[in-house]
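Have the viewer ready and follow along.

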Amino acid sequence: MTDRYCVFGHPVGHSKSPVIHAAFADQGGDDIEYVAIEAPLDDFAGAWRRFVAEGGRGANVTVPFKEAAFRLCDTLSERARRAGAVNTLVLGGNGLTYGDTTDGIGLVHDLKRHGVELARARILVLGAGGAVRGVLEPLLAEEPASLRVANRTAAKAEALAADFRDLGEIAGGGFDAVAGPFDLVINGTSASLAGDLPPLPDDLFAPGATAYDMMYGAEPTVFLRWAAEHGARGVDGLGMLVEQAAESFFQWRGRRPDTAPVLERLRQALSVS
Ligand code: ATR
């Protein structure tokens, strides 16, 4: 029988998840169906219940439902509990719903794929919203030398860092308090969407540093262009998207898909679109 999965969002038409998961399924000859569902803004739990009643086994969750998904879960992974958000729902054999967040581990896998050394690295993360909260636990688990969170609203970065202080060397503040050099700078703000760049010092990057933007597009983001001008290697978030999907797929199917060919196809599609 065909196993059913979906991605919930609002809007959700732009989601690449159906294409990614269809490609993962093809690799192993899995008989699955994966669709995009636009859930109502006021009743996410109802949308999940209906999907389960129709044979749904698991789902991805995207904007704006990650917190609503977190609230409906019967059990949670430790990293989802820390993130306060869920991007992966799994229906257990007992009928209970388990929630996980795979964004952070997706980021870590993508960084490693690019050869970025995280242990003992000096890391700066820009932004203090949901996207950043979701990646701090997996980053700290790699035992960097230090992790600094910088945000336009300094108090949010300070509060966020305080929530993770028991896990490692982490501090938060405003952009004005940022002092390099850093081996890795991750942009988790939505500033790129508006074509904005956070105010950053010119000497931000250590030699050989990597700049990572969680956003992606056909062209490099403003942040990645700025990073290239200041001597850093740039990586965009398309790989993170594919890696987080792979981790969700693994949770559902117990098989790790091969991400490289899927990422290559998405990259090609992006450049011709
Ligand atoms: P997400 O879930 O994508 O993280 P969010 O919770 O709304 O979305 O957070 C957006 C982040 O981008 C915040 O850190 C925000 O900074 P503030 O907390 O000061 O609002 C940051 N951000 C958005 N637009 C920005 C801009 N033009 N310049 C700098 N930071 C920006």
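A polar contact here is a pair of N or O atoms within 3.5 Å; within protein, one must be able to donate a hydrogen and the other to accept it, and residues adjacent in sequence count only if both atoms are side-chain atoms. Please keep in mind that this is a predicted model, where local features need pLDDT of at least 70, side-chain atom pairs count only at pLDDT 80 or more, and totals for chains, interfaces and linings use all residues. Residues are numbered from 1 along each chain as its sequence is written, and side-chain values use heavy atoms, with hydrogens and water left out.

With that in hand, look at the ligand. An oxygen atom of the ligand lies 2.7 Å from an N or O atom in the side chain of Lys-156. The side chain of Asn-151 also has an N or O atom 2.7 Å from a ligand oxygen, while at Ala-128 a polar backbone atom is 2.9 Å from an oxygen of the ligand. On its own the ligand exposes 640 Å², and the protein buries 69% of that (accessible areas come from the Shrake-Rupley method with a 1.4 Å probe; for residues, only the protein chains shown count as cover).

Which residues come nearest to the ligand? Of the 13 around it, they are Ala-128, Asn-151, Arg-152, Thr-153 and Lys-156, where being near means having a heavy atom within 4 Å. This shell holds 3 nonpolar, 7 polar and 3 charged residues (Ala, Val, Leu, Ile, Met, Phe, Trp, Tyr, Cys and Pro count as nonpolar, Asp, Glu, Lys and Arg as charged, and the others, Gly among them, as polar).

Now step back to the surroundings. The ligand sits in the largest pocket, meaning that more than half of its atoms lie within 2 Å of the pocket's grid points. A pocket is an open set of points on a 1 Å grid over the protein atoms alone, where a 1.4 Å probe fits, with protein on both sides within 12 Å along at least five of seven lines; lining residues have an atom within 4 Å of a point. The lining comprises 49 residues, with Val-63, Lys-66, Ala-131, Met-214 and Met-215 nearest the pocket's centre. By class, this lining has 22 nonpolar, 20 polar and 7 charged residues.

Finally, turn to the backbone. A cis peptide bond joins His-10 and Pro-11, with omega about 5 degrees. Another cis peptide bond, between Gly-180 and Pro-181, also has omega about 5 degrees.
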